[in-house]
Amino acid sequence: MSSKEEERDAKYKQERMVKYVQHNYPDSILATGFNSAIVGVSEGFDRGRIIYDISKMADHLVNVEGMMLGEAYEYLEFNVFGAFISEDQPIYVDFEGDC
């Protein structure tokens, strides 16, 4: 599979997950601009909350917004992770221990 095909498939999966959540959990909150960092949807007590990969969020800020990596993590820490919106806000997971 070519990289363009892989990119197209990944985008399709992201869009499908967003539609699934919006349909089944309409109160869930998406982190604007970070669909490429979605890795899942929570179940159990926190059912329906979008789960984001922090490293992928930082990569987005570096590659799309032109930030340096440290600047991207700082931006996320102060402007995204620390913002309480509601109980339906996303869950942010650090899979690589970078934060």
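1. Accessible surface. Accessible areas here come from the Shrake-Rupley method with a 1.4 Å probe. By that method the accessible surface of the chain comes to about 6,800 Å². Carbon and sulfur atoms hold 50% of this surface. The structure is a predicted model, and the values below should be read with that in mind.

2. Overall architecture. The chain contains three helices and three strands. Along the sequence they follow the pattern α-β-β-α-α-β. The radius of gyration is 14 Å, close to the 13 Å that the globule rule gives for 99 residues, so the chain is as compact as a globular protein of that length. The C-alpha trace spans about 40 × 35 × 20 Å along its principal axes.

3. Burial and contacts across the sequence. Of the 99 residues in the chain, 33% are buried. Among the contacts in the chain with a separation of 6 or more, 42% come from residues 24 or more positions apart.

4. The sheet. The three strands form an open sheet in the order β1-β2-β3, with mixed pairing. β1 and β3 stand at the edges and each has a single partner strand, so one side of each is left without a neighbour in the sheet. From one strand to the next, the twist averages 30 degrees.

5. Pairing within the sheet. In general, strands of a sheet pair through backbone hydrogen bonds, either parallel or antiparallel. Here β1 and β2 run antiparallel and are joined by three bridges, whereas β2 and β3 pair in the parallel sense, over three bridges. Ile51 of β2 stands opposite Gly40, and Ile51 also stands opposite Ile91 in β3.

6. The strand β2. In a regular strand the side chains alternate between the two faces of the sheet. Ile50 and Tyr52 point one way from β2, while Ile51 and Asp53 point the other way. These four residues are all buried.

7. Helix α1 (3-24) lies across β1 and β2. Its direction makes an angle of about 35 degrees with β1.

8. The nonpolar core. In soluble globular proteins, nonpolar side chains tend to be buried together. The largest nonpolar core of this chain has 19 residues, and those with the most contacts inside it are Phe34, Tyr52, Met57, Leu61 and Leu76. The elements that give two or more residues to this core are α1, β1 (38-41), β2 (50-53), α2 and α3.

9. Met57 in the core. Leaving aside neighbours within four places in sequence, Met57 is in contact with Ala31, Phe34, Ala37, Tyr52, Leu76, Val80, Phe81 and Tyr92. Of these partners, Phe34, Tyr52 and Leu76 are also listed among the residues with the most contacts inside the core.

10. Helix α3. The buried residues of α3 (residues 69-81) are Ala72, Tyr73, Leu76 and Val80. An α-helix has 3.6 residues a turn, so residues three or four places apart point the same way. The buried residues of α3 pack against α2 (54-63) and β3 (91-93).

11. Ile54 has its place in α2, and it is buried, with a relative accessible area of 6%. The C-alpha atoms of Ile54 and Tyr73 are separated by 8.5 Å, although these residues are 19 residues apart along the chain. His60 is also found in α2. At 15% relative accessibility, His60 counts as buried, because the cut-off for that class is under 20%. Apart from neighbours within four places in sequence, His60 is in contact with Gly33, Phe34, Ser36 and Glu65.

12. Arg47, an exposed loop residue. Arg47 lies in the loop between β1 and β2. Arg47 is exposed, with a relative accessible area of 51%; the exposed class begins over 50%. Not counting residues up to four places away in sequence, Arg47 touches Tyr25 and Ser42. Arg47 and Phe84 are 37 residues apart along the chain, and their C-alpha atoms are separated by 18 Å.

Methods:
Residues are numbered from 1 along each chain as its sequence is written. This is a predicted model: local features need pLDDT of at least 70, side-chain atom pairs count only at pLDDT 80 or more; totals for chains, interfaces and linings use all residues. Side-chain values use heavy atoms; hydrogens and water are left out. Buried means under 20% relative accessible area, exposed over 50%, partly exposed in between (1.4 Å probe, protein chains only). Contact means heavy atoms within 4.5 Å. A nonpolar core is a set of buried Ala, Val, Leu, Ile, Met, Phe, Trp, Tyr and Cys residues joined through side-chain atoms within 4.5 Å. Two strands pair if DSSP finds at least two bridges between them. Axes are lines fitted to C-alpha atoms, for helices over the stretch in contact, and angles run from 0 to 180 degrees between N-to-C directions. The radius of gyration is taken over C-alpha atoms; the globule rule is 2.2 Å times the number of residues to the power 0.38.
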